[in-house]
Amino acid sequence: MRLVVVGCAGSFPGPDAAASGYLVQADDADGRTWTVLLDLGNGALGPLQRYGDPTRIDAIGLSHLHADHVADMVVLNVLRRYHPDGALPPVDVHGPEGTAQRLTQIAGGDPATDVGGQFTFHAWDPAAPVVVGPLTLTPVPVEHPVPAFGVRVEGPSEADPSRRVTLAYTGDTDACAGLDTLADGVDLLLAEAAFVEGRDDAVRGVHLTGRRAGEAASRAGARQLVLTHIPAWNDPQVAVAEARAAYDGPVALARPGDVHML
């Protein structure tokens, strides 16, 4: 299983990165590559065409419905619907209740960009993991101002396909019981770190800091931590330093085009 970073800017696209978008890929026993897209925020469709193939997505998981995590779903619909080779089959989209309505709202009600033709919508159910080829996606409710989920993805190890490994993607969240459940024992924790210790202490229930992401990784026994969703106005190295103060394992920054092998 491998994680490909498509976009990793926090809250809005930055000068060097689109907003949130991640590919999780794994090969099955027959050598077929399965691809799950996690989030597709503002500007992320552009680099998705560089680091992946928008026509070969097997499923999409949306953590929550803020624009920096879903806005480019509307134009992904356009790419797939008006492809010169003909409209592509609908792809399953898993997200919070109201996902279809939210994307229709962003599209503006124009019949030419109606999202209904290219996506089949399903509401996340924490009690019902989603199986996509060799991958299993389990949503975990987390704390954010709107309904939000982190996603655990289990699949075959890249080095030893007989062994199962787990990636956890936090989406957007503050520290909470759901975050600890999400991160428990994972091989890689992809954690947002949009806030800064000392500067944003008065605002809770929205985002993690690098330190809170590191504390979660430490409590959960995560084997590595990758920090993402860092706004352009933050110094990413501050988030890294905060995380390393709380977590002894490997810490990295998500960067567009990075491939993390699990």
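How many bridges join strand S1 to S2? I find five between S1 (residues 2-7) and S2, and the two run antiparallel. Strands here are DSSP E runs of at least two residues, helices H or I runs of at least four, both numbered from the N terminus; two strands pair if DSSP finds at least two bridges between them.

Notes on the source: this is a predicted model, with pLDDT of at least 70 needed for local features and 80 or more for side-chain atom pairs, while totals for chains, interfaces and linings use all residues. Residues are numbered from 1 along each chain as its sequence is written, and side-chain values use heavy atoms, with hydrogens and water left out.

Next I followed S2 (residues 21-27). I see Tyr22 as the bridge partner of Val5. On to strand S3 (residues 33-40): seven bridges join S3 to S2, again antiparallel, and Leu23 stands opposite Leu37. The S2-S3 hairpin has five residues between the strands, and there Gly31 takes a positive phi near 85 degrees. Six of the seven residues of S2 are buried (under 20% relative accessible area; exposed is over 50%, partly exposed in between; 1.4 Å probe, protein chains only).

Ser11, in the loop between S1 and S2, has about 75 degrees and is partly exposed at 36%. His229, in the loop between strand S12 (225-228) and helix H7 (236-246), has about 60 degrees but is buried at 1%.

Last, cysteines. I found zero disulfides (pairs of cysteine sulfur atoms within 2.5 Å). Cys8 is buried at 8%, and Cys176 is buried at 16%.
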